[in-house]
Amino acid sequence: MLKTLLLGLSRTPAVKSFVVAFPLTRRVVDRFVAGETVEDCLRTTRALLDDGLLVTIDFLGEDTTTATQADRVTDIYVELLDLLGREGLADRVEVSIKLSALGSLLKSGYELALDNARVICTAAERTGTTVTVDMEDHTTTDATLRTVTTLRRQYPWVAAVVQSMLYRTSADCLKQTGQGDRVRLCKGAYAEPAEVAHRPKNAVDRNYRRCATILLQGEGRPLFATHDAAMIEHVLSEAGRLDRAIDSYEMQMLLGIRADEQRRLAGLGHPVRVYVPFGTDWYAYFMRRLAERPANVVFLLRALFERPKKRQVQSGF
Ligand SMILES: Cc1cc2nc3c(=O)[nH]c(=O)nc-3n(C[C@H](O)[C@H](O)[C@H](O)COP(=O)(O)OP(=O)(O)OC[C@H]3O[C@@H](n4cnc5c(N)ncnc54)[C@H](O)[C@@H]3O)c2cc1C
C-alpha cells in the first residue's frame, strides 16, 4: 500500500517540487546519491574502488521531455567516460543509462534514444569500458530489449536488465544465455499491474531464483543485482553447483544499501559492483528507494524531526 503510494508519488510533479525544495530531505538523499557533480561522483567511486569494489555510474534523470535535454545527458556521459579513461578507472568502472533520459519518450522516440546510446557506447569502447541499459517500467520492456539487441550488433558487451517481477522474464533470460551475454537480473522497482507482474514478494523471489539459475546455466555473464540475503545465497549455491568460476558473474548492489555485505562478498573474491547515481535530478530515484523499504520513510521522518533539536542546541552557544 505504502509502496504503491510512494511509487505513484515518484511520478507526481507537484510532490516532486515540494520534496526537492525541502532542504532537510537532502540528508536522507545523500545516503543513496553520490552528490550533484562529476567530482562528487568520482570521490565516491574512488572510495569504493579502494575497498575492492567495482562501480557502475548513473547520471540521474529520466523521462526527458526535450531533444536538447537528451543531447545534454548524452554529452555528460561522453565527458564522464573520457574522464574515466584519463583517470585510469575504465577497467573497474562502467556506466548505466536510461533510454527515457536519452529521448525515448519524445516524438522520434527510440530512434533518438538509440542514436544517443550509440554515441555513449562509442565513447565507452574508446575508453575501454562497458554500458548497461537500465530497465524502466513494463511499457518499455520490448522497446528497451530491442534497442539492446541492436546495440549489441556493434557493441556485444552492452548489458540488458530484466526484472523478476514480470511474468515474461524467464523467457527473456532464455534468449540471453549466449557466450558473453551480459544480463543484469533485478526484482524490478516500478509499480506494475497484476496483468504483467507478480505482486506477492514470494512469487517475485521464486521467479528471481528461477531466472538466476537459467542465467547461470548459460554461457553469458550474469549480473545479480539484489540486496536480498536469500537471493544472494541462491546465486552463490547455484554457481557452486554449476561449477561457475567466481569471476564469471557479478553481484551488484546500490550505493548506500548493505555496504557491509558488499565488502564481505568482495572480500570472499566475488566481483561486486556498486551502482553509483549522481546529479541533481534525484527525486524519482530517491522515491523508488523509499518505496523499497518502508523503514526508509521512518528514517526520512526522523531526519526531518531531529533538525529543530540540533538548531536549539546550536542557538544555545
Ligand atoms: C545494481 C542494481 C541495479 C538496478 N537496476 C534496476 C533497473 O535497471 N530497473 C529496475 O526496475 N530496478 C533496478 N534495480 C532495483 C531492483 O529492481 C530492486 O527494486 C531493489 O534492488 C530492491 O530489491 P532487492 O533485490 O534488494 O530485494 P528486496 O526484497 O526489495 O530487499 C531485500 C533487502 O535488501 C535491503 N533493501 C532493499 N532495498 C532497500 C532500500 N531501498 N533501502 C534500504 N534497504 C534496502 C533490505 O534489507 C531488504 O530487506 C537495481 C538494483 C540494483 C542493486
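Which helix lies across β7 and β8? I shall begin with that question, and I note at the outset that the model before you is predicted. The answer is helix α11, residues 259–267, which runs at about 165° to β7.

Eight strands form an open sheet with parallel pairing, and their order is β3-β2-β1-β8-β7-β6-β5-β4. At the edges we find β3, residues 131–133, and β4, residues 160–163, each of which pairs on one side only. On average, neighbouring strands of this sheet are turned by 30° against each other, direction ignored.

Strand β6, residues 221–225, pairs with strand β7, residues 250–254, in the parallel sense over 3 bridges. Within this pairing, Phe224 has Met251 of β7 as its bridge partner.

I turn next to the packing of helices. Helix α1, residues 2–9, packs against helix α12, residues 283–292, at an angle of about 180°, and their axes are 9 Å apart. The two helices are therefore roughly antiparallel to each other. From α1, the residues making the contact are Lys3, Leu6, Leu7 and Leu9, while α12 contributes Tyr283, Met287, Arg288, Leu290 and Ala291. Sorted by class, this contact has 7 nonpolar residues, 2 charged residues and no polar ones.

A second pair is formed by helix α5, residues 67–86, and helix α6, residues 109–127. Their axes come within 8 Å and cross at roughly 10°, which makes α5 roughly parallel to α6. Among the α5 residues in this contact are Ala70, Thr74, Tyr77 and Leu81, and they belong to a set that meets α6 residues including Leu112, Asn116, Val119 and Ile120. By class, the contact of α5 with α6 has 11 nonpolar, 4 polar and 3 charged residues.

Finally, we come to the ligand. Which of the 25 residues around the ligand come nearest? They are Lys187, Gly188, Thr226, His227 and Glu292. For Thr226, an N or O atom of the side chain is 2.6 Å from an oxygen atom of the ligand. The side chain of Glu292 likewise has an N or O atom 2.6 Å from a ligand oxygen atom.

Notes
Residues numbered from 1 in each chain as written. Predicted model: local features only at pLDDT ≥ 70, side-chain atom pairs only at ≥ 80, totals over all residues. Heavy atoms only, no water. Pairing = 2+ DSSP bridges. Helix = DSSP H or I, 4+ residues; strand = E, 2+ residues; numbered from the N terminus. Axes fitted to C-alpha atoms, helices over the stretch in contact; angles between N-to-C directions. Contact = heavy atoms within 4.5 Å. Parallel < 35°, antiparallel > 145°, perpendicular 65-115°, else oblique. Nonpolar A, V, L, I, M, F, W, Y, C, P; charged D, E, K, R; others polar. Near = heavy atom within 4 Å. Polar contact = N/O pair within 3.5 Å; in protein donor to acceptor, adjacent residues only side chain to side chain.
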